[in-house]
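Me: Please take a close look at the nonpolar core of this protein and the aromatic rings. What holds the most contacts there, and how are the rings arranged?

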Amino acid sequence: MSNIRITRAIRIALGLLRQEMGSVRVIMGYLLGFTVLALGLNDFLRYAVEIEEPVNIFEAFIIVESQGTAGRLWVLGYLLILANAPFVKRNTYIILYRSGRRIWNMGMLLYVFIQAFMYTMCFAAASTAVSVPYGFSGKIWSSPAYMLATGASHTIAEKYHVSFEGMALMKHMTVLQAFGITFMYMFCYFVFLGVLLYVCNLMFGGFWGLAAVAVVHLGRVILSFTVKLHQSPVYYVDGSGGYWRYPCIMMAFIFAMAAVSLFAVERVDIQVR
């Protein structure tokens, strides 16, 4: 019985994905995200060109993601993609009749996970592809990244507004490991914001979801300046597995909100908005 429910939820999520990917709003969300990514990549690759040393093609994603501005603005495109949460369509009532509210809710949550994964994957793949003409692949960190982390290229880095506080990351991880953990941090944060947006809009409607996400995201930005609470793994690697705390905390919040949605979906009035 549980397998049937999971299969139905997956079908509902994929059906919604097919509908949404043709939406101008969703396309604009991805384009906005790519615009922010392009600005960060342009700064880093121009820095690398002036250093006159090749870079590891996987470093661009790690370094650009660690930049405060990129991490704050990438969220805008993602929120535009999910702006119509809780994703009630004209065919939703038929789905509710056939599958029930809880399975529909599981499908909507799964859709949020899929969009978060696709959004993060697009950034990771695009930054890697753009970096191919500028470097090499493999596990080894490049000289430009090392110089950026140590401050040896301070003058050039300032010229292109690039920074990377990643000495601990470079010491304890290969580039591929750092790439993977950076992807996970970014994915977890996007899922967290997406589920928060969905649950608040499901329960309260109106603008409450966007308001909650804005408060949480801006609060995180403020905390990054005051108590050094950052989203990038470069600030959490200590050689003792401390970098797992952030994604574990994010997933705990995500599952807690998902549990709330399972109870809320039975009580709310689901309407096309």
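Reply:
**The core and its rings**

The largest nonpolar core has 86 residues, of which Phe 44, Phe 87, Trp 104, Trp 141, Phe 164 and Tyr 198 touch the most other members. Such a core is a set of buried Ala, Val, Leu, Ile, Met, Phe, Trp, Tyr and Cys residues joined through side-chain atoms within 4.5 Å. Buried means under 20% relative accessible area, exposed over 50%, partly exposed in between (1.4 Å probe, protein chains only). Helix H10 (residues 175-204) gives the most to this core, with 21 residues. Helices are DSSP runs of H or I, at least four residues, numbered from the N terminus.

The model is predicted: local features need pLDDT of at least 70, side-chain atom pairs count only at pLDDT 80 or more, and totals for chains, interfaces and linings use all residues. Residues are numbered from 1 along each chain as its sequence is written, and side-chain values use heavy atoms, with hydrogens and water left out. The protein averages a pLDDT (the predictor's confidence in each residue, from 0 to 100) of 85, and 88% of the residues score at least 70.

Take Trp 104. Leaving out residues up to four places away in sequence, Trp 104 touches Ile 12, Pro 86, Phe 87, Val 88, Thr 92, Ile 95, Leu 96, Tyr 198, Leu 202, Val 265 and Ile 270. Contact means heavy atoms within 4.5 Å.

Now the rings. There are 17 aromatic pairs. Rings of Phe, Tyr and Trp (its six-membered ring) pair if their centres lie within 6.5 Å; planes under 30 degrees apart count as stacked, over 60 as edge-to-face and the rest as tilted. Phe 61 and Phe 179 form a tilted pair, 5.1 Å centre to centre with 55 degrees between the planes. This pair links distant parts of the chain: Phe 61 sits in helix H3 (residues 59-66) and Phe 179 in helix H10, 118 residues apart. Both Phe 61 and Phe 179 are buried.

Tyr 119 and Phe 190 pair edge-to-face, at 5.2 Å and 75 degrees. Here helix H6 supplies Tyr 119 and helix H10 supplies Phe 190, 71 residues apart. Tyr 119 and Phe 190 are both buried. They also belong to a cluster linked by ring pairs, with Tyr 30, Phe 34, Trp 74, Tyr 78 and Phe 123.

Notes
Helices (H or I, at least four residues) and strands (E, at least two) are DSSP runs, numbered from the N terminus.
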